[in-house]
Amino acid sequence: MTTPSTRAALRTKYQADLADGTARFLEPRRPGCTWCGSTALQVHLTSPDFIQAKPGSFTLEQCRDCRHIFQNPRLNASGLEFYYRDLYDGLGAKSVEFGFSLMRKLYQRRARMLQPYTTPRAWLDVGTGYGHFCHTAKQIWPQTTFAGLDRGDGVREAQRRGWIDDAHQGSFPDLADTLTHRYDVVSMHHYLEHTIDPIAEIRAAAHVLPPGGHLLIEVPDPECAGARLLGKYWSQWVQPQHLHMFPVGNLKQALAANGLSILTVEHRRADLGLDFLLGAKRLLSTLAQDPRRPWVPRPPTTTDHARWAAALLLALPALPAGFLLDLTVRPLLPRHSNAYRILAAKAPAQPTGTSANRSPQSPDL
């Protein structure tokens with residue numbers, strides 16, 4: 001548990017970071033779409049930071065031509081550091097790890113998606129965090145070696161725990177040349193939406209994979225029912241961390257352009273659930289957040305604690321109501337899955353003088 005003195009030291013650091021406001025954390029607004037270059041842009045939504053409640057407002061714009069959604073203006077390097085700090089590590093580490101520990105069945109579905117197509121020999125999980133997925137996938141593929149790649153220190157902790165066999169820390173595109181043909185499966189689970197240049201990440205995966213290798217990607221679905229119904233309160237917008245949101249057709253095109261054939265697409269089996277519950281939680285967070293947050297400019301007062309207690313009381317009926325809607329109404333909505341998963345393959349090596357003859361399929365499971 002964080003002590004008052006530790007929070008006081010953190011508050012001093014955060015207030016120094018915020019002394020010049022939050023505008024310095026954003027790049028200049030881009031006039032064109034980051035996916036196709038079109039200047040036909042429109043504001044899709046604006047959102048605060050619902051997760052940590054750090055100061056700032058963030059805009060997602062959508063291209064009217066290709067439908068790609070992206071943060072504009074985008075966080076710069078200082079902004080990425082500021083808004084990720086204490087999210088997956090530090091103050092937020094325990095809650096994030098607890099959340100990941102509840103997703104075992106989802107991890108199993110991801111790992112089993114390859115069963116009709118291949119037996120993995122060596123699997124690289126990009127954006128692995130603390131390695132929770134690999135830890136579960138080992139039970140399904142006990143003969144497979146698992147490696148994790150991430151920018152943060154969590155990947156080293158995953159290796160220390162024995163949840164991965166090898167750890168790579170850094171940027172995937174920067175490390176790609178050192179990883180070429182070492183892994184016959186690469187996975188990116190809820191990773192691409194966090195990256196500055198998702199096309200470069202896909203290109204890196206295609207470069208790393210040997211002929212016949214497989215790429216597994218899972219991302220939020222911005223075209224799902226929850227995104228339309230809940231607006232900025234939809235849980236998967238996750239501002240300001242999510243920089244890109246991909247209509248499934250765009251991601252398919254990007255994979256094909258990098259020499260990867262689509263084997264299958266899953267929507268319902270990739271669903272993270274709980275849209276209404278988490279939407280209610282985000283709505284209630286606008287009333288009050290934990291007053292002990294170190295990015296608040298002053299220590300909490302009695303009034304701050306009282307407001308927080310009142311918000312928690314309101315949550316007693318609101319959160320169960322949201323959960324009930326998730327159980328009863330949400331499954332009846334068309335395209336209710338809030339995520340999708342794509343498995344693609346790199347063309348196998350062809351004998352000289354022959355060409356590949358492979359027909360991509362995309363059944364909606």
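## Burial around Phe82

A residue counts as buried when its relative accessible area is under 20%. In this predicted model, Phe82 has 1% relative accessibility, so Phe82 is buried. Phe25 is buried too, because its relative accessible area is 2%.

Asp17 lies in helix α1, residues 4-17. Its relative accessibility is 11%, so Asp17 also counts as buried. Beyond its neighbours within four places in sequence, Asp17 contacts Arg24, Phe25, Phe82 and Arg85.

## Aromatic pairs

The model holds 12 aromatic pairs. In one of them, the ring centres of Tyr14 and Trp295 are 5.2 Å apart and the planes stand at 70°, so the pair is edge-to-face. Tyr14 belongs to helix α1, while Trp295 is in the loop between α11 (275-285) and α12; 281 residues separate them. Both Tyr14 and Trp295 are buried.

Phe25 and Phe82 are stacked, because their ring centres lie 4.6 Å apart with planes at 15°. This pair also links distant parts of the chain: Phe25 is in the loop between α1 and β1 (41-48), and Phe82 is in helix α2, residues 77-84. Ring pairs join Tyr14, Phe25, Phe58, Phe82, Tyr83 and Trp295 into a cluster.

## Charges over rings

The charged end of Lys54 sits over the Phe82 ring, 4.9 Å from the ring centre. Arg161 places its charged end over the ring of Trp163, at 4.8 Å from the centre.

Helix α8 (residues 198-208) is mostly covered, with 8 of its 11 residues buried. Among them are Glu201, Ile202 and Val208.

On the surface, Leu274, Phe323 and Leu327 form a nonpolar patch with about 270 Å² of accessible area together. Leu327 lies in helix α12, residues 302-328. At 53% relative accessibility, Leu327 is exposed.

How values were computed:
Residues are numbered from 1 along each chain as its sequence is written. This is a predicted model: local features need pLDDT of at least 70, side-chain atom pairs count only at pLDDT 80 or more; totals for chains, interfaces and linings use all residues. Side-chain values use heavy atoms; hydrogens and water are left out. Helices (H or I, at least four residues) and strands (E, at least two) are DSSP runs, numbered from the N terminus. Buried means under 20% relative accessible area, exposed over 50%, partly exposed in between (1.4 Å probe, protein chains only). Contact means heavy atoms within 4.5 Å. Patches are made of residues with over 30% relative accessible area and no salt bridge: like charges are joined within 9 Å, nonpolar side chains (Val, Leu, Ile, Met, Phe, Trp, Tyr) within 5 Å. Accessible areas come from the Shrake-Rupley method with a 1.4 Å probe; for residues, only the protein chains shown count as cover. A salt bridge is a side-chain nitrogen of Lys or Arg within 4 Å of a carboxyl oxygen of Asp or Glu. Rings of Phe, Tyr and Trp (its six-membered ring) pair if their centres lie within 6.5 Å; planes under 30 degrees apart count as stacked, over 60 as edge-to-face and the rest as tilted. A charge sits over a ring if NZ of Lys or CZ of Arg is within 6 Å of the ring centre and within 35 degrees of the ring normal.
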